[in-house]
Amino acid sequence: MTKRKTTETQDPRLPWEATFAKSLARARQAASMSQNELARRATESGLPLFQQQIQRIENLTRPVSLNEAVVLARVLHGDPWDMAAQMVDDATAWELLNAAHQAAEEAALRTIRALRDEYFRFNAAVHEAANRFDQFDKYRQERGPEKFNQEDLEAFRSRHSRLAATDSVLADALEQLTNPFDDEPRLVSLPADAQDA
């Protein structure tokens with residue numbers, strides 16, 4: 001006599017994950033995007049993924065984190081809320097909201113850091129141009145100012161003035177962008193009513 005099983009294997013995934021996985025595959029195919037391309041774009045967005053991981057998510061053989069769901073939805077120009085339509089409780093909905101804002105804040109900070117690095121290179125180039133101009137002006141004075149075209153010289157002065165003005169504007173803008181989120185992205189605490197859900 002065959003002994004009947006008294007326990008069932010439980011699916012470790014959260015209910016919304018299966019819905020998201022199916023939505024992910026549909027959205028990717030609708031965008032004519034391969035799993036390789038989706039993995040590449042996700043990696044460029046700050047979420048390192050490989051084609052095999054995308055395949056396993058879509059085949060429901062790998063869990064998907066909330067942060068991954070947000071980034072993958074954004075790459076496909078989708079809404080993670082819609083793609084994970086079956087929200088089973090308030091806590092899950094709140095965590096997805098947190099993950100969306102954390103992903104956006106992290107992307108903003110990466111952008112600010114990149115802008116800051118580019119500005120420092122630009123600033124160094126402006127100072128180098130100013131030094132070269134000073135050296136040239138000294139050389140001009142030694143050789144005799146009358147030997148050099150004044151219109152060309154004024155054109156260089158005008159060019160440097162525009163560079164200096166741009167440098168000032170960028171410096172002020174970066175000052176306003178420094179630490180817009182008080183330091184680093186962080187998750188806010190879960191509301192009491194969501195914790196009890």
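**Talking through the model**

Trainee: Let's start with R62; which residues does R62 touch, not counting residues up to four places away in sequence?
Mentor: Leaving those aside, R62 touches L49, Q53, R56, I57 and E68, where a contact means heavy atoms within 4.5 Å. Keep in mind that this is a predicted model, in which local features need pLDDT of at least 70 and side-chain atom pairs count only at pLDDT 80 or more, while totals for chains, interfaces and linings use all residues. Residues are numbered from 1 along each chain as its sequence is written, and side-chain values use heavy atoms, with hydrogens and water left out.

Trainee: Where is R62 found, and does it count as buried or exposed?
Mentor: R62 is found in the loop between α3 and α4, and it counts as buried because its relative accessibility is 15%. Buried means under 20% relative accessible area, exposed means over 50%, and partly exposed lies in between, using a 1.4 Å probe and protein chains only. The helix names come from DSSP runs numbered from the N terminus, with helices (H or I) of at least four residues and strands (E) of at least two.

Trainee: And what joins the side chains of R62 and E68?
Mentor: A polar contact of 2.9 Å joins them. That term is used for a pair of N or O atoms within 3.5 Å; within protein, one must be able to donate a hydrogen and the other to accept it, and residues adjacent in sequence count only if both atoms are side-chain atoms.

Trainee: Stepping back, how many helices and strands are there in the protein?
Mentor: There are 8 helices and 0 strands. Of the 197 residues, 28% count as buried, and among contacts with a separation of 6 or more, 68% are between residues 24 or more positions apart.

Trainee: Which residues have the most contacts inside the largest nonpolar core?
Mentor: Those are W16, F20, L24, L38 and L72, in a core of 26 residues. At least two core residues come from each of α1 (15-30), α2 (35-44), α3 (51-58), α4 (66-75) and α6 (90-143), and α4 supplies the largest share, 7 residues. A nonpolar core is a set of buried Ala, Val, Leu, Ile, Met, Phe, Trp, Tyr and Cys residues joined through side-chain atoms within 4.5 Å.

Trainee: What is L72 in contact with, leaving aside its neighbours within four places in sequence?
Mentor: L72 is in contact with F20, L24, L38, A42, L49, I54 and I57. Looking from I54, with the neighbours within four places again left aside, the contacts are Q35, L38, A39, L49 and L72. I54 is found in helix α3, and at 0% relative accessibility it counts as buried.

Trainee: Which residues are buried in α3?
Mentor: In α3, Q51, I54, I57 and E58 are buried. Seen down the helix axis, the buried residues fall within an arc of 125 degrees, so they line one face of α3; the arc is that of the directions from the helix axis to the C-beta atoms.

Trainee: And which are buried in α2?
Mentor: There, Q35, L38, A39 and A42 are buried. They cover an arc of only 100 degrees around the axis, which puts them on the same side of α2, whereas N36 and E44, on the other side, are exposed.

Trainee: New topic: what is the phi of S32?
Mentor: S32 has a positive phi of about 55 degrees although it is not a glycine. Most residues other than glycine have a negative phi. S32 lies in the loop between α1 and α2 and counts as exposed, because its relative accessibility is 69%.

Trainee: Last one: which residues line the largest pocket?
Mentor: The lining is A129, R132, F133, F136, F148, N149, D152, L153, F156, R159, H160 and L163. The elements giving two or more of these residues are α6 and α7 (150-177), and α7 gives the most, with 6 residues. On a 1 Å grid over the protein atoms alone, a pocket is an open set of points where a 1.4 Å probe fits, with protein on both sides within 12 Å along at least five of seven lines, and lining residues have an atom within 4 Å of a point.
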